[in-house]
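This briefing concerns the structure shown below.

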Amino acid sequence: MPDTGVRAARTTVPVRRRTRFELHPGAWWLWSLGLGTAATRTTNPLLLALLVAVAGHVVAVHRSSAPWARSYTAFAKLAVAVLLIRLAFTAVLGSPVPGTHVLFTLPEIPLPAWAQGIRLGGPVSAEALLFSGYNGLKLAALLVCVGAANALAAPARLLKSLPGALYEAGVAVVVALTFAPHLIADVQRLRAARRLRGRPDRGLRGLFQVGLPVLEGALERSVALAAAMDARGYGRTAEVPARVRRTTTALTLGGLLGVCAGTYGLLTAEGGVYGLPVLLAGALAALAGLRLGGRRSPRTRYRPAPWGVRAWLVAGSGAAVAALLALASVRDPGALHPGVVPLAAPVLPLWPAAAILLGLLPVLVVPQDRKEPS
């Protein structure tokens with residue numbers, strides 16, 4: 001007899017492939033902070049342009065299609081705006097750098113006697129603009145490096161990787177980032193509903209009549225979330241001896257003060273000798289304090305971000321760039337800080353430029369994003 005049974009169709013369930021290697025977000029931040037530290041050690045526009053190019057190339061290769069990855073463009077625009085504002089202030093308010101090559105002269109506004117040392121308008125020299133441009137480009141390169149970290153490291157994964165001592169702060173930021181899109185969507189929905197009903201959605205009246213329902217909905221979601229988090233044990237802490245708490249407080253506060261003092265030393269010419277050791281000592285003390293403070297939070301991590309060999313190589317490349325540029329600023333300060341009086345074209349020093357190229361190591365060691373076959 002012929003087989004009249006119905007044969008079950010075999011369906012193949014597509015397996016979601018991992019298309020992007022998930023590097024630890026802390027490695028990207030350490031890499032970008034290393035490039036940013038290197039940017040603070042020089043005013044050579046050629047080296048700064050090379051730093052920006054290295055950061056931009058790594059972002060172009062490893063940036064994902066997530067919405068938060070588009071922040072690099074915003075940081076790049078902010079960097080350009082900072083540079084232009086710096087040049088505009090120099091042209092209007094003058095510069096302490098003496099110059100003999102006057103480019104143009106602005107109408108000068110006379111100021112009272114108590115405002116001596118300040119001028120509005122007057123001659124604008126090429127030396128003053130060049131000096132201001134060098135320093136503005138340094139700040140712009142620092143902003144680009146921070147933008148690279150924001151574009152490469154997922155904010156949610158970065159917050160999940162915070163130590164236990166910062167657990168509550170991480171949860172608060174995650175909740176804020178989660179509720180912010182809902183808040184914007186509520187505002188747009190209510191304004192569209194009022195327009196359909198022929199009611200005003202702008203002005204002070206529209207603000208009150210739209211803002212109150214949005215605020216009420218946000219409070220309801222907050223209460224519901226708080227109840228759900230309390231039911232799941234969020235906010236509960238373990239008993240820690242008083243000696244451990246005091247040690248944690250001393251290490252954390254002392255470490256943060258050391259980081260502030262070391263950063264100030266790195267940003268000033270006088271503190272170049274003690275800046276890096278104080279910064280490293282403060283960072284180690286703060287990390288030790290956060291490690292001890294994590295004992296108050298008895299929790300486990302779901303799918304923790306791995307820190308492997310690639311993460312060490314990426315973070316180490318940024319640290320190597322920062323260390324080599326700091327060494328170059330001590331051994332050859334003239335090449336890393338070109339003068340503007342008299343006017344002279346900046347020269348690209350070879351081994352500091354080669355040191356900056358070490359920042360391209362993530363392109364070689366981190367797998368690129370591969371597209372899924374259609």
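A residue is called buried when its relative accessible area is under 20%, exposed when over 50%, and partly exposed in between. The model discussed here is predicted. Within it, helix α10 comprises residues 309–331.

**Helix α10**
- At 1.5 Å a residue, the 23 residues of α10 should span 33 Å, and the 32 Å between its end C-alpha atoms agrees with this.
- Buried residues of α10 are Ala 311, Val 314, Ala 315, Ser 317, Gly 318, Val 321, Ala 322, Leu 325, Ala 326, Ala 328 and Ser 329.
- Their cover includes α1 (25–39), α2 (45–62), α11 (333–336), α12 (350–356) and α13 (361–365).
- Ser 317 counts as buried because its relative accessibility is 3%, under the 20% limit.
- Beyond residues up to four places away in sequence, Ser 317 touches Trp 31, Leu 358, Leu 361 and Pro 362.

**Nonpolar core**
- The largest nonpolar core contains 39 residues, and Trp 28, Trp 31, Leu 51 and Val 314 have the most contacts inside it.
- At least two residues of this core come from each of α1, α2, α3, α4 (126–152), α10, α11, α12 and α13.
- Apart from neighbours within four places in sequence, Val 314 contacts Leu 23, Ala 27, Trp 28, Trp 31, Pro 362, Val 365 and Val 366.

**Surface patch**
- In soluble globular proteins, nonpolar side chains tend to be buried together.
- Ile 85, Phe 89, Val 92 and Leu 93, however, form a nonpolar patch on the surface, with about 360 Å² of accessible area together.
- Val 92 lies in helix α3 (residues 71–93) and, at 39% relative accessibility, counts as partly exposed.

Conventions: Residues are numbered from 1 along each chain as its sequence is written. This is a predicted model: local features need pLDDT of at least 70, side-chain atom pairs count only at pLDDT 80 or more; totals for chains, interfaces and linings use all residues. Side-chain values use heavy atoms; hydrogens and water are left out. Helices (H or I, at least four residues) and strands (E, at least two) are DSSP runs, numbered from the N terminus. The expected span of a helix is 1.5 Å times one less than its number of residues. Buried means under 20% relative accessible area, exposed over 50%, partly exposed in between (1.4 Å probe, protein chains only). Contact means heavy atoms within 4.5 Å. Patches are made of residues with over 30% relative accessible area and no salt bridge: like charges are joined within 9 Å, nonpolar side chains (Val, Leu, Ile, Met, Phe, Trp, Tyr) within 5 Å. Accessible areas come from the Shrake-Rupley method with a 1.4 Å probe; for residues, only the protein chains shown count as cover. A salt bridge is a side-chain nitrogen of Lys or Arg within 4 Å of a carboxyl oxygen of Asp or Glu. A nonpolar core is a set of buried Ala, Val, Leu, Ile, Met, Phe, Trp, Tyr and Cys residues joined through side-chain atoms within 4.5 Å.
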